[in-house]
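Hi everyone, thanks for making time this morning. I'd like to walk you through one model, so please have a look at it while I talk.

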Amino acid sequence: MGMPKSFHFTLHIPPAFTKTISAVLFMTLLVSCHKIEFKPSYSAPAFQYLNQVMKTILLNEFSDGEKLDLAEGWQFHGWDTLAGKEQAFPDFLVGNPVKLPHRITQPNSNIWYSGVFDLAEGYLKINGDDGTQLWCDGERIYQNENQLYPVGKISEQSIKLSIRVINNAVSGGLKQVTWVSRGSLEDLSKRKKSAYDSAVHEAKKALWLESDFPTDWKDYPIWLTDPVLLPHTKKDSLTIRWLGEKNAISKIHYGREPGLILQSAKALEKDGIYTAVVPRQNCSYYYFEMDKTQSPLFTMKKNISQKEISFSVWADSQGGWETFSRIINQMKINNPDFTIGVGDLVGNGAQPWQYIRLLDYLSKIHVPHRLFAGNHDYDGSYDDWNPIHFNRYLKTKNEKTYSFWREGPCAFIALDPNAHFPVSIPESSSQFNWFTKTIQSESWKSAPWKIVLVHQPPYSQGWIDYQGEKSIRELLKPFWESGLIDLVISGHTHDYERLIIPHEKGKTAFVIVGGAGGGFESDDLLESLPEMDTVLRTHHFGWIKAGEERLEFHAMDLEGNRVDGFTLLK
């Protein structure tokens, strides 16, 4: 029996199976094309090597022969509470002689000084709480990028200096005025740059991971801080921010698994600040490149639950870095979904290195950080009320200093009364219109928990002659009495305070979490009113767990102990 000359065989494959095979083949090809092969160039950021060079205060680096301390020769002309960012120097006829530092207790006030001095061409460094404006012989003078006022003789006559101190706290005044010559400042700038460059080179050699040094270190720029996660205006995206040597071409590579780093995005650089935007859903692991430099692999927390969240709140770290480091460690142990800083994040917003230090500490917790301004974050910004360093390091382009967002069962409104003088949100402002529209929106009303964040508290007992911010109290009261605010979180006063107010629609809790690093007043210095439920002088942060029907607040100290708390129920 002979065999047939040909044999035909047909295999029928289901369409769904065909798609599965195609997807597997595509992913195999994609992985092979993007196989993660990288070696970190350096073991760590250069921050610790640069901190000793950059943290020093400018005036402390001049010798006594290079600077002139103008402590005497001043007239104090009084104070007023006239509103507005711009004020003409009042036509005061008389004043009382004072010696600096000079300070008065008069919240939210303009405090006025003048003096006549014989000064050569140079610069003035003026230190006043919270900020200053200057006139020379009646002409308004503006600060330069170093927060120094240029002054100089145009004739043989002495110069009349007139100063407005803007006090956004309880006590304020003119603390120090120092003159330095133009030549001395130029020499110091050269010395600082030389010291900075030497520290960068030392860091590179110490942190380099290969056995042989590169031929040209310029090909391998080093980063100064590890990346920090910041929110983005698009809810499904995150901003990744780090500091590094300037002018490098940079990319970020990311994926959901450490072996599947499949996607890339360009990082933008300006003045050594690197910013990349990534989709939150697709980025759990990432690393970045700067020219030929490659970073280690970093991780971020998976997506946040929409039913139950936990997060940390803190305020008034104020340059108390040793304390804030311990706060960071305790927050990290609790593994929050995100953290919120409610103002006075640094002790002096006029010093950019303080924000770099802040970013270095925040980089230890790989979750998004939502950061809002307090009065000290506006330091050095009172020529135009633009907190330039706060915005440059902590915000993205065109991002406002106030915002609304929802996360899980919580809706948040963050306000910025420091953008106005006196501290307030005037009815004529765009922020007021935005606030009243947002708090009555369906997106706000439908949230199980409605939380307002504002640096200056509506109620406070922790400082003498300060009962909280009246303008904030008057702004918020109609809304919490209407059941539209469950919790108000503030800072400003350096302590922990709690007050729960019942009303017809339920109750509203007020907490002050002003203990992340700043110093405390004596325990016996309390205002008689309002009577808060609790006042504690201890460094702390707030820890919040929120579900759809239950919100828990815990005040946690530096050892991770719960020192106070409360529960709100729906």
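I'll go through the domains, the pocket, the cores, the cavities and then a few backbone details.

Before anything else, please keep in mind that this is a predicted model.

Let's begin with the overall layout. The protein chain is split into domain 1, covering 67–184, and domain 2, covering 305–569. Taken over C-alpha atoms, the centres of domain 1 and domain 2 are 32 Å apart. The two do meet: 27 residues from domain 1 and 20 residues from domain 2 take part in the contact.

Now, where does the second largest pocket lie? Domain 1 and domain 2 both contribute residues to its lining, so the second largest pocket sits between them. Its volume is about 1000 Å³. The lining takes in 45 residues, and if you want to find the centre on your screen, look for R103, D129, K175, G347 and H376, which lie nearest to it. Strand 6 (122–129), strand 7 (131–136) and strand 11 (171–181) are the elements that each give two or more residues to this lining. Which of them gives the most? That is strand 6, with five residues. By class, the lining of the second largest pocket has 12 nonpolar, 22 polar and 11 charged residues.

The peptide bond from D129 to D130 is cis, with omega near 0°. D130 itself is in the loop between strand 6 and strand 7, and D129 is, as I said, one of the residues nearest the pocket centre.

On to the packing. As a rule, nonpolar side chains in soluble globular proteins tend to be buried together. Here, the largest nonpolar core has 69 residues, and the members that touch the most others are W242, I252, Y286, W314, F324, L358 and L394. Helix 5 (residues 352–362) is the top contributor to this core, with seven residues. Apart from it there is another core, of 29 residues, including I309, V342, F412 and L487.

Let me zoom in on Y286 for a moment. Beyond its neighbours within four places in sequence, Y286 contacts a list of residues that includes P227, L229, I240, I252, P296, F298 and M300.

L229 and M300 turn up again in the lining of the largest cavity, along with R280, D337 and H366, among others. How much space lies in that cavity? About 80 Å³. Its lining has six nonpolar, two polar and four charged residues. In total, the structure holds three cavities of 30 Å³ or more.

The second largest cavity has a volume of about 40 Å³. L394, which we met in the core, is one of its lining residues, as are L230, R370 and E399. Strand 22 (369–372) and strand 12 (228–231) each supply at least two lining residues, and strand 22 has the largest share, with three.

Finally, some backbone details to check. There is a cis peptide bond from L529 to P530, with omega near -5°, and P530 is in the loop between strand 28 (506–513) and strand 29 (534–536). Q147, though not a glycine, has a positive phi of about 60°. D465, also a residue other than glycine, has a positive phi near 70°. Are they buried or exposed? Q147 counts as buried, because its relative accessibility is 7%, whereas D465, at 48%, counts as partly exposed.

That's my tour, and I'm happy to take questions.

Terms used
Residues numbered from 1 in each chain as written. Heavy atoms only, no water. Core = buried A, V, L, I, M, F, W, Y, C linked by side-chain atoms within 4.5 Å. Buried < 20%, exposed > 50% of the residue type's maximum accessible area, 1.4 Å probe, protein only. Helix = DSSP H or I, 4+ residues; strand = E, 2+ residues; numbered from the N terminus. Contact = heavy atoms within 4.5 Å. 1 Å grid on protein atoms, 1.4 Å probe; cavity = no way out; pocket = protein on both sides within 12 Å on 5 of 7 lines; lining within 4 Å. Points joined across faces, edges and corners; volume = space filled by probe spheres on them. Nonpolar A, V, L, I, M, F, W, Y, C, P; charged D, E, K, R; others polar. Domains from an automatic or database assignment.
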